[in-house]
Amino acid sequence: MKIGIDLGGTKVEAVGLYANGNETKRIRKTTPQGLYHETVHTVVQLINELEALEGTAESIGICTPGSISPFTGVMQNCNSTCLNGKNLKADIEQGLKRSIKMANDADCLTLSEATDGAAAGAATVFGVILGTGVGAGYVAHNNLITGPNALTGEWGHNPLPYQVTTDRNCYCGRINCIENWISGPGISQSFETETGKHISAEEIANMQTPEAQATIDLFIEQLAASLGTVINTLDPEVIVFGGGLSNIKQIYQELPKRITNYIMPNACNTQFVQAKHGCSSGIRGAARL
């Protein structure tokens, strides 16, 4: 058995994963809001409780909302801001008295889906999380590719390769990052610019008005342009989508038609699929680290 932990902003969840893909019963606790040491204690406590029920794990992997800086060893880019600047991996290892593996949520989703999910059997997989933010991971021959700067898959902070008439500032300090346009907040902002109404991306996707359809059409076109740069660079066999926006059906209907406008040969064999394990992909991928 391998243990996977999903360390989220509202909950911390633990599961044991066996070689055949079967799971143990999941256990979860509320994430202590803004409290770093209490969060570390919660993770350690969950692991100890799960091992008390299921036996000692072969390995432990943790899915986090950020990444470890290879230069400082501390957490960075976490939306759970109390984790930023902290040596989370070392602190959890000290609490457990053993080593662990750790990766961000997009990396874990990609590893999960490439192993026994919607992209199982593909040699190269680019996994995309479309939600409040935009993240990605890359797996080649069942190995997670991380890179010397821990930046593999930080596709959401490349410039949007699509002409826009207004600029959007990103929290990273740049202008018009991909994340500013094809995330949930980005879709909402596009709709609000046209209508003056602020509603969620999920609501917009389910509306049948011309304004809503135009907003989703723009989203698909910007998504195609953005993924065109990925295909031209990495040429993955499969691109798998997770996150709340992965439920937008037009992605799978329209993207294969439009992507050809943004890649070199004007034809595309890449498959576009939705994550098989849904919101469970992160925790299952963590176990597989």
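Mentor: Helices α7 and α8 are oblique to each other. Angles under 35 degrees count as roughly parallel, over 145 as roughly antiparallel, 65 to 115 as roughly perpendicular, and the rest as oblique. This is a predicted model, in which local features need pLDDT of at least 70 and side-chain atom pairs count only at pLDDT 80 or more, while totals for chains, interfaces and linings use all residues. Residues are numbered from 1 along each chain as its sequence is written, and side-chain values use heavy atoms, with hydrogens and water left out.

Trainee: At what angle do α7 and α8 pack, and how far apart are their axes?

Mentor: An axis is a line fitted to C-alpha atoms, for helices over the stretch in contact, and the angle runs from 0 to 180 degrees between N-to-C directions. The helices themselves are DSSP runs (H or I, at least four residues; strands are E, at least two), numbered from the N terminus. Here α7 and α8 pack at about 55 degrees, with axes 10 Å apart.

Trainee: Is the crossing of α7 and α8 left-handed or right-handed?

Mentor: A crossing is right-handed if the near helix is turned clockwise from the far one by less than a right angle, and left-handed if anticlockwise. For α7 and α8 the crossing is right-handed. On the α7 side, the contact (heavy atoms within 4.5 Å) uses I216, D217, F219, I220, E221, L223, A224 and L227. Q250, I251, E254, L255 and R258 are the α8 residues. By class there are eight nonpolar, one polar and four charged residues in this contact. Nonpolar covers Ala, Val, Leu, Ile, Met, Phe, Trp, Tyr, Cys and Pro; charged covers Asp, Glu, Lys and Arg; the others, Gly among them, are polar.

Trainee: At roughly what angle do the axes of α5 and α7 cross?

Mentor: The axes of α5 (residues 184-195) and α7 cross at roughly 135 degrees and come within 10 Å. This pair is therefore also oblique, and α5 passes α7 in a right-handed crossing. I187, S190, F191 and T195 of α5 meet E211, A212, T215, I216, L218 and F219 of α7. Six of the contact residues are nonpolar, three polar and one charged.

Trainee: Which residues of α1 and α2 meet?

Mentor: Begin with the geometry: α1 (residues 36-54) and α2 (residues 88-96) have axes that come within 9 Å and cross at roughly 50 degrees. These two helices are therefore oblique as well, with a right-handed crossing. From α1, Y36, V40, V43, V44, I47 and N48 face L88, D91, I92, G95 and L96 from α2. The contact divides into eight nonpolar, two polar and one charged residues.

Trainee: How many salt bridges does the structure hold?

Mentor: Side chains of opposite charge can pair when their charged atoms come close. The criterion is a side-chain nitrogen of Lys or Arg within 4 Å of a carboxyl oxygen of Asp or Glu. The structure holds 15 salt bridges. One of them joins R258 and E221, with the closest N and O atoms 2.9 Å apart. R258 in α8 (residues 250-258) and E221 in α7 are 37 residues apart, so this pair links distant parts of the chain. R258 also meets E254, at 3.5 Å from N to O. E254 and R258 are separated by about one helical turn because they lie four residues apart in α8.

Trainee: Is R258 buried or exposed?

Mentor: Relative accessible area decides it: buried is under 20%, exposed over 50%, and partly exposed in between (1.4 Å probe, protein chains only). R258, at 14%, counts as buried, whereas E254, at 23%, counts as partly exposed.

Trainee: Which residues are linked in a network of salt bridges?

Mentor: K11, E13, E23, R26, R28, D116, R284 and R288 are linked in this way. R26 is partly exposed at 24%, and E23 is partly exposed at 31%.

Trainee: Where is the place of I27, and with which residues is I27 in contact?

Mentor: I27 lies in strand β3 (residues 27-30) and is buried at 16%. Leaving aside neighbours within four places in sequence, I27 contacts V12, E13, A14, L46, E49 and L50.

Trainee: Is D235 buried or exposed?

Mentor: D235 is exposed, at 53%. D235 sits in the loop between α7 (210-234) and β11 (238-242). Beyond neighbours within four places in sequence, its contacts are T124, V230 and T270.
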